[in-house]
Amino acid sequence: MAILKIARMGHPVLLQVAEPVPDPTAPEIGRLVRDMAETMLDASGLGLAAPQVHEPLRLFVWRNGENVAALINPEIELLGPPDQSGWEGCLSIPGLRGNVERAGKVAFRGLDIEGRTVEGEAEGLLARVMQHEFDHLNGILYPSRMSDMALFGFTDELTRAAVRQQAEAAPAMAGPAR
Ligand code: NI
(Lines give C-alpha, C1' and ligand atoms only; values in the text may rest on other atoms or scores of the structure.)
Protein backbone atom coordinates (compact mmCIF):
# COMPACT_ATOMS: atom_id res chain seq x y z
CA MET A 1 0.00 0.00 0.00
CA ALA A 2 1.08 3.54 -0.52
CA ILE A 3 0.12 7.03 0.53
CA LEU A 4 -0.77 8.99 -2.60
CA LYS A 5 -0.21 12.65 -3.32
CA ILE A 6 -3.41 14.68 -2.96
CA ALA A 7 -4.22 17.27 -5.64
CA ARG A 8 -5.09 20.70 -4.23
CA MET A 9 -7.64 23.18 -5.51
CA GLY A 10 -6.20 24.83 -8.61
CA HIS A 11 -5.04 21.55 -10.15
CA PRO A 12 -7.06 20.93 -13.34
CA VAL A 13 -7.71 17.24 -12.48
CA LEU A 14 -10.16 18.48 -9.82
CA LEU A 15 -12.28 20.25 -12.45
CA GLN A 16 -12.52 17.32 -14.86
CA VAL A 17 -15.57 15.11 -15.28
CA ALA A 18 -14.16 11.69 -14.34
CA GLU A 19 -14.46 8.64 -16.61
CA PRO A 20 -16.33 5.44 -15.67
CA VAL A 21 -14.13 2.57 -14.44
CA PRO A 22 -14.15 0.01 -17.28
CA ASP A 23 -13.43 -3.02 -15.05
CA PRO A 24 -13.97 -2.62 -11.28
CA THR A 25 -12.33 -6.03 -10.70
CA ALA A 26 -9.05 -5.08 -12.43
CA PRO A 27 -6.06 -5.47 -10.07
CA GLU A 28 -4.99 -1.85 -10.58
CA ILE A 29 -8.43 -0.67 -9.36
CA GLY A 30 -8.10 -2.84 -6.24
CA ARG A 31 -4.67 -1.35 -5.63
CA LEU A 32 -5.96 2.20 -6.20
CA VAL A 33 -8.84 1.66 -3.73
CA ARG A 34 -6.46 0.30 -1.06
CA ASP A 35 -4.03 3.17 -1.58
CA MET A 36 -6.88 5.71 -1.46
CA ALA A 37 -8.11 4.16 1.80
CA GLU A 38 -4.64 4.44 3.31
CA THR A 39 -4.24 8.02 2.03
CA MET A 40 -7.63 9.09 3.44
CA LEU A 41 -6.92 7.57 6.87
CA ASP A 42 -3.42 9.10 6.95
CA ALA A 43 -4.88 12.54 6.17
CA SER A 44 -7.76 12.08 8.68
CA GLY A 45 -10.37 12.52 5.94
CA LEU A 46 -13.93 11.22 5.95
CA GLY A 47 -13.94 10.53 2.22
CA LEU A 48 -11.66 10.67 -0.82
CA ALA A 49 -12.47 10.63 -4.53
CA ALA A 50 -10.10 9.28 -7.21
CA PRO A 51 -9.61 12.67 -8.96
CA GLN A 52 -8.14 13.94 -5.67
CA VAL A 53 -5.24 11.50 -6.15
CA HIS A 54 -4.81 12.49 -9.82
CA GLU A 55 -6.90 9.57 -11.17
CA PRO A 56 -9.88 10.95 -13.13
CA LEU A 57 -12.01 7.84 -12.54
CA ARG A 58 -15.52 7.49 -11.12
CA LEU A 59 -14.85 6.01 -7.72
CA PHE A 60 -14.57 7.17 -4.13
CA VAL A 61 -13.93 5.80 -0.67
CA TRP A 62 -15.39 6.84 2.66
CA ARG A 63 -15.09 5.97 6.32
CA ASN A 64 -17.63 3.41 7.41
CA GLY A 65 -17.07 3.16 11.17
CA GLU A 66 -13.70 1.44 11.60
CA ASN A 67 -13.69 0.29 7.97
CA VAL A 68 -13.30 1.97 4.62
CA ALA A 69 -15.94 1.39 1.96
CA ALA A 70 -15.55 2.01 -1.76
CA LEU A 71 -18.10 2.83 -4.42
CA ILE A 72 -17.19 2.42 -8.10
CA ASN A 73 -19.20 4.04 -10.92
CA PRO A 74 -21.65 5.42 -8.34
CA GLU A 75 -25.09 6.86 -8.87
CA ILE A 76 -26.65 9.08 -6.22
CA GLU A 77 -30.24 10.16 -5.85
CA LEU A 78 -31.11 13.00 -3.48
CA LEU A 79 -34.07 12.02 -1.29
CA GLY A 80 -35.14 15.53 -0.40
CA PRO A 81 -34.19 19.13 -1.07
CA PRO A 82 -30.66 20.43 -0.34
CA ASP A 83 -31.80 22.28 2.79
CA GLN A 84 -29.46 20.92 5.48
CA SER A 85 -26.64 23.32 6.22
CA GLY A 86 -23.40 22.00 7.64
CA TRP A 87 -19.66 22.59 7.68
CA GLU A 88 -17.46 20.83 5.15
CA GLY A 89 -13.77 20.52 4.59
CA CYS A 90 -11.88 18.90 1.76
CA LEU A 91 -8.44 17.27 1.65
CA SER A 92 -7.89 19.22 -1.60
CA ILE A 93 -8.63 22.53 0.19
CA PRO A 94 -6.55 22.11 3.35
CA GLY A 95 -7.06 24.34 6.36
CA LEU A 96 -10.44 25.72 5.25
CA ARG A 97 -14.08 25.04 6.07
CA GLY A 98 -17.27 26.18 4.44
CA ASN A 99 -20.96 25.90 5.17
CA VAL A 100 -22.82 23.98 2.45
CA GLU A 101 -26.48 23.08 2.06
CA ARG A 102 -27.02 19.43 1.17
CA ALA A 103 -29.86 16.95 1.06
CA GLY A 104 -30.29 15.17 4.39
CA LYS A 105 -30.77 11.79 2.78
CA VAL A 106 -29.54 10.06 -0.39
CA ALA A 107 -29.88 6.70 -2.10
CA PHE A 108 -26.65 5.34 -3.56
CA ARG A 109 -25.73 2.53 -5.88
CA GLY A 110 -22.46 1.38 -7.39
CA LEU A 111 -20.02 -1.52 -7.54
CA ASP A 112 -17.33 -2.83 -5.20
CA ILE A 113 -13.89 -4.15 -6.24
CA GLU A 114 -15.40 -7.63 -6.68
CA GLY A 115 -17.85 -6.19 -9.21
CA ARG A 116 -20.80 -6.72 -6.85
CA THR A 117 -23.60 -4.17 -6.62
CA VAL A 118 -23.51 -2.02 -3.49
CA GLU A 119 -26.64 -0.03 -2.74
CA GLY A 120 -28.30 1.63 0.18
CA GLU A 121 -29.42 4.86 1.76
CA ALA A 122 -27.42 7.32 3.78
CA GLU A 123 -28.51 10.11 6.13
CA GLY A 124 -26.90 13.03 7.91
CA LEU A 125 -23.12 13.20 7.83
CA LEU A 126 -22.72 10.16 5.57
CA ALA A 127 -25.25 11.60 3.10
CA ARG A 128 -23.19 14.82 3.13
CA VAL A 129 -19.91 12.94 2.54
CA MET A 130 -21.47 11.03 -0.38
CA GLN A 131 -22.76 14.19 -2.05
CA HIS A 132 -19.36 15.87 -1.56
CA GLU A 133 -17.42 12.89 -2.99
CA PHE A 134 -19.86 12.43 -5.86
CA ASP A 135 -19.39 16.11 -6.75
CA HIS A 136 -15.63 15.45 -7.08
CA LEU A 137 -16.42 12.97 -9.89
CA ASN A 138 -18.11 15.79 -11.78
CA GLY A 139 -15.35 18.33 -11.20
CA ILE A 140 -17.26 20.23 -8.51
CA LEU A 141 -15.59 21.49 -5.33
CA TYR A 142 -17.69 22.50 -2.30
CA PRO A 143 -17.05 26.28 -2.46
CA SER A 144 -19.06 26.42 -5.71
CA ARG A 145 -22.01 24.89 -3.78
CA MET A 146 -21.93 27.58 -1.11
CA SER A 147 -24.65 30.20 -0.91
CA ASP A 148 -23.05 32.40 1.78
CA MET A 149 -19.34 33.13 1.37
CA ALA A 150 -19.33 34.73 4.83
CA LEU A 151 -19.46 31.14 6.09
CA PHE A 152 -16.12 30.21 4.51
CA GLY A 153 -12.80 30.50 6.26
CA PHE A 154 -9.75 29.01 7.85
CA THR A 155 -10.66 26.28 10.32
CA ASP A 156 -8.59 27.76 13.16
CA GLU A 157 -10.14 31.25 12.73
CA LEU A 158 -13.66 29.81 12.57
CA THR A 159 -12.98 27.79 15.73
CA ARG A 160 -11.63 30.88 17.53
CA ALA A 161 -14.67 32.90 16.45
CA ALA A 162 -17.06 30.18 17.63
CA VAL A 163 -15.35 29.93 21.02
CA ARG A 164 -15.49 33.74 21.37
CA GLN A 165 -19.15 33.82 20.43
CA GLN A 166 -19.93 31.09 22.93
CA ALA A 167 -18.13 32.97 25.72
CA GLU A 168 -20.11 36.14 24.92
CA ALA A 169 -23.39 34.27 24.74
CA ALA A 170 -22.90 32.30 27.94
CA PRO A 171 -23.80 35.06 30.48
CA ALA A 172 -26.87 36.04 28.47
CA MET A 173 -27.98 32.43 28.29
CA ALA A 174 -27.61 32.05 32.05
CA GLY A 175 -29.80 35.14 32.49
CA PRO A 176 -29.85 37.51 35.42
CA ALA A 177 -30.17 35.95 38.85
CA ARG A 178 -33.61 36.48 40.30
NI1 NI B 1 -13.28 16.89 -1.07
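Helices (H or I, at least four residues) and strands (E, at least two) are taken here as DSSP runs, numbered from the N terminus. The structure is a predicted model, in which local features need pLDDT of at least 70 and side-chain atom pairs count only at pLDDT 80 or more, whereas totals for chains, interfaces and linings use all residues. Residues are numbered from 1 along each chain as its sequence is written, and side-chain values use heavy atoms, with hydrogens and water left out.

The nickel ion has as its protein donors Cys90 (SG), His132 (NE2) and His136 (NE2), which lie 2.1 to 2.2 Å from the ion. Donors are N, O and S atoms within 2.8 Å of the metal (3.2 Å for Na, K and Ca); water is not among the atoms, so sites may look incomplete. Along the chain, the donors follow the spacing C-x41-H-x3-H. His132 and His136 are separated by about one helical turn because they stand 4 residues apart in helix 2 (residues 124-137). An α-helix has 3.6 residues a turn, so residues three or four places apart point the same way. Both histidines are buried, His132 with a relative accessible area of 7% and His136 at 1%. Buried means under 20% relative accessible area, exposed over 50% and partly exposed in between, with a 1.4 Å probe and protein chains only.

On a 1 Å grid over the protein atoms alone, a pocket is an open set of points where a 1.4 Å probe fits, with protein on both sides within 12 Å along at least five of seven lines; lining residues have an atom within 4 Å of a point. The largest pocket holds about 370 Å³ of space, where a volume is the space filled by probe spheres set on grid points joined across faces, edges and corners. Helix 2 gives the most to this lining, with 6 residues, and strand 4 (84-90) and strand 5 (93-102) each supply at least two.

The second largest pocket has a volume of about 200 Å³. Its lining includes Ile76, Glu101, Gln131, Phe134 and Arg145. Two or more of the lining residues come from each of strand 3, strand 5 and helix 2, and helix 2 again gives the most, here 3 residues.

Turning to helix 1 (residues 27-42), its 16 residues reach 23 Å from first C-alpha to last, close to the 22 Å expected at 1.5 Å a residue; the expected span is 1.5 Å times one less than the number of residues. Among the buried residues of helix 1 are Ile29, Leu32, Val33, Met36 and Met40. The buried residues of this helix pack against strand 1 (47-49), strand 2 (59-64) and strand 3 (67-78), contact meaning heavy atoms within 4.5 Å. Ser44, with a positive phi near 55 degrees, follows helix 1.

Two further backbone angles deserve a look. Most residues other than glycine have a negative phi. His54, however, has a positive phi of about 65 degrees and sits in the loop between strand 1 and strand 2, partly exposed at 32% relative accessibility. Asn73 has a positive phi of about 50 degrees; this residue is found in strand 3 and is partly exposed at 23% relative accessibility.
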